[in-house]
Amino acid sequence: MLPRRVLSTAASASMRHAQSTHRVLMVRPDHFVLNEAAALDNKFMRRLGDESLQSAAALTRRAQEEFDAFVSKLRAHDVDVTVFPNPPADATPDAVFPNNWFSTHRSAANPEGVLVLYPMKVPNRRLERKTHIIDALRQQYKTVIDLTEHETRGKFFESTGAMVLDRVHGVLYVALSERV
């Protein structure tokens, strides 16, 4: 569970503005395949007909084309996009979902920002927490709350994979699952 101070600062009066952001961090799908380990109990992940028959290289190419087009659209709308690579050697097929292992929060009470690192259920998802990405985030968010120690006790909370923050109304919605 998030410490009360993060929830209260995220929902503070100064944060009650637009739900969207002008800055995003994205991980390029350099190795885009189904994460078999995560798919075992994640109902949102499944093979889809012909796509399951495509080669990994063809699927990766298609994902990269969609990714590049999306980055271009975001930048065309003045969104600051930071892109990190995901080399195939890293064996982290879900790295394109970094929002599952971290969230960021900034408010009048915490203007220097808070970076929260979350415990991940599937061991290969934990490998997505790259030092160079965390270091880049620490440049923007001075306080770090590291909840990853809960993994050793079988406790998980996969950030916005399991929650939705309504910053306008100061509400946190959580989907109950094995990842919360």
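A residue counts as buried when its relative accessible area is under 20%, as exposed when the area is over 50%, and as partly exposed in between, with a 1.4 Å probe and protein chains only. By this definition Arg 28, at 22% relative accessibility, is partly exposed. Of the 180 residues of the protein, 39% count as buried.

The structure is a predicted model, in which local features need a pLDDT of at least 70 and side-chain atom pairs count only at pLDDT 80 or more, while totals for chains, interfaces and linings use all residues. Residues are numbered from 1 along each chain as its sequence is written, and side-chain values use heavy atoms, with hydrogens and water left out. The pLDDT is the predictor's confidence in each residue, from 0 to 100. Its average over the protein is 80, and 76% of the residues score at least 70. Over residues 1-17, however, the pLDDT is below 50; this stretch still has 33 contacts in the model beyond near neighbours in sequence. A contact means heavy atoms within 4.5 Å.

The protein contains five helices and seven strands. Helices (H or I, at least four residues) and strands (E, at least two) are DSSP runs, numbered from the N terminus. Along the sequence they follow the pattern α-β-α-α-β-β-β-α-α-β-β-β. Among contacts between residues at least 6 apart in sequence, 73% join residues at least 24 apart.

One part of this arrangement is an open sheet of three strands, in the order E3-E4-E5 and with mixed pairing. Two strands pair if DSSP finds at least two bridges between them. Strand E3 (102-105) and E5 form the edges, since each pairs on one side only. On average, neighbouring strands of the sheet are turned by 15° against each other, direction ignored. E4 and E5 run parallel and are joined by four bridges; Val 116, for instance, has Ile 145 in E5 as its bridge partner. Helix H5 (residues 131-140) packs on the sheet and touches E3, E4 and E5, its direction making about 155° with that of E4. For such angles, axes are lines fitted to C-alpha atoms, for helices over the stretch in contact, and the angles run from 0 to 180 degrees between N-to-C directions.

Tyr 141 is placed in the loop between H5 and E5. With a relative accessible area of 11%, Tyr 141 is buried. Not counting residues up to four places away in sequence, Tyr 141 touches Thr 104, His 105, Arg 106, Glu 112, Gly 113, Val 114 and Leu 115. Tyr 141 and Thr 104 are 37 residues apart in sequence, and their C-alpha atoms are 7.4 Å apart in space.

Attention now turns to aromatic side chains. The structure holds two aromatic pairs. Rings of Phe, Tyr and Trp (its six-membered ring) pair if their centres lie within 6.5 Å; planes under 30 degrees apart count as stacked, over 60 as edge-to-face and the rest as tilted. The rings of Tyr 118 and Phe 157 have centres 5.6 Å apart and planes at 50°, so this pair is tilted. Tyr 118 lies in the loop between strand E4 (114-117) and helix H4 (123-126), and Phe 157 in the loop between strand E5 (143-146) and strand E6 (163-166), so the pair ties together parts that are 39 residues apart in sequence. Tyr 118 is buried, with a relative accessible area of 0%, and Phe 157 also counts as buried, at 10%.

Charged side chains provide further links. Side chains of opposite charge can pair when their charged atoms come close. A salt bridge is a side-chain nitrogen of Lys or Arg within 4 Å of a carboxyl oxygen of Asp or Glu, and a search of the whole structure finds nine of them. In one, the closest N and O atoms of Asp 80 and Arg 23 are 3.6 Å apart. This pair links distant parts of the chain, with Asp 80 in strand E2 (residues 80-84) and Arg 23 in strand E1 (residues 23-27), 57 residues apart. Asp 80 is partly exposed at 38% relative accessibility, as is Arg 23 at 34%.

Arg 28 forms a salt bridge with Asp 30 (3.2 Å, N to O). Arg 28 also forms a salt bridge with Asp 68, the closest N and O atoms being 2.7 Å apart. Asp 68 lies in helix H3 (residues 56-76) and Arg 28 in the loop between E1 and helix H2 (36-39), so the pair ties together parts that are 40 residues apart in sequence. Through shared partners, salt bridges join Arg 28, Asp 30 and Asp 68 into one network.
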